[in-house]
Amino acid sequence: MNKQSLQELSEKAKQAIKNGCNKEALGLYKQLVDLYPHYKQGWDNLGFLYYMAGSFKKAKMCCEKSLELVEDNYYALKGLGLCLVRLGKPEEGIASLKKSIAVNPYYFDSRYDLGVTYLELKQFDNAVECFREALKFAPEKRLIISRAVDYTERQRKRFHEAANQ
């Protein structure tokens with residue numbers, strides 16, 4: 001296969017995702033990284049698909065492979081962080097999410113995902129702080145962030161009410 005084939009394969013995989021055919025896209029990205037193991041975007045997208053399928057160990061491996069290729073890949077750092085949290089290593093996951101933010105402070109998803117991680121861990125103050133910090137970098141996401149803060153506050157209230165019973 002030539003470099004045009006890399007582009008064609010990548011486009012087919014992206015189109016499969018767009019069409020909601022994630023299994024097809026997964027197969028195409030597996031083929032892509034087998035043929036082009038140094039193609040970072042292939043590993044990133046394969047990791048995303050594995051994560052969405054609930055295959056967190058496989059997703060983690062893809063993130064690690066991507067980070068071998070580009071060590072300051074903020075997208076792979078974010079993915080790795082999420083995988084680590086899902087694999088029961090929240091401290092390591094939070095550290096990876098924070099590293100992603102340090103590499104690219106303007107990438108909204110890392111800040112938002114860190115907030116969600118704190119929320120899931122019932123660290124409500126940290127969650128609200130992350131969401132509010134995200135607003136500074138992405139004011140156009142005001143509605144999403146305000147909903148996240150409101151939801152966090154409702155969860156905090158429920159948690160405290162349940163603890164007091």
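Colleague: What do I need to know about the model before we start?

Modeller: The model is predicted, so local features need pLDDT of at least 70 and side-chain atom pairs count only at pLDDT 80 or more, while totals for chains, interfaces and linings use all residues. Residues are numbered from 1 along each chain as its sequence is written, and side-chain values use heavy atoms, with hydrogens and water left out.

Colleague: OK. How many helices and strands does the protein have?

Modeller: 9 helices and 0 strands. Those are DSSP runs numbered from the N terminus, H or I of at least four residues for helices and E of at least two for strands.

Colleague: And what box do the C-alpha atoms fill?

Modeller: Roughly 65 × 30 × 30 Å, taken along the principal axes.

Colleague: How do α4 and α5 pack?

Modeller: Helix α4 (residues 56–69) and helix α5 (residues 74–86) have axes 9 Å apart, at an angle of about 150°. That makes α4 roughly antiparallel to α5. Axes are lines fitted to C-alpha atoms, for helices over the stretch in contact, with angles from 0 to 180 degrees between N-to-C directions. Under 35 degrees counts as roughly parallel, over 145 as roughly antiparallel, 65 to 115 as roughly perpendicular and the rest as oblique.

Colleague: Which residues meet there?

Modeller: On α4, they include Phe56, Cys63 and Leu67, and on α5, Leu77, Leu80 and Leu84 are among them; contact means heavy atoms within 4.5 Å. By class, there are 9 nonpolar, 2 polar and 3 charged residues. Ala, Val, Leu, Ile, Met, Phe, Trp, Tyr, Cys and Pro count as nonpolar, Asp, Glu, Lys and Arg as charged, and the others, Gly among them, as polar.

Colleague: What about α7 and α9?

Modeller: The axes of α7 and helix α9 (residues 142–163) come within 11 Å and cross at roughly 10°. That makes α7 roughly parallel to α9. Phe108, Tyr112 and Leu119 of α7 are in the contact, with Ile144, Tyr151 and Gln155 among the α9 residues.

Colleague: Switching topic: how many residues line the largest pocket, and which lie nearest its centre?

Modeller: There are 19 lining residues, and Phe48, Tyr51, Lys78, Leu82 and Asp113 lie nearest the centre. A pocket here is an open set of points on a 1 Å grid over the protein atoms alone, where a 1.4 Å probe fits, with protein on both sides within 12 Å along at least five of seven lines; lining residues have an atom within 4 Å of a point.

Colleague: Which helix gives the most to that lining?

Modeller: α5, with 7 residues. The lining divides into 10 nonpolar, 3 polar and 6 charged.
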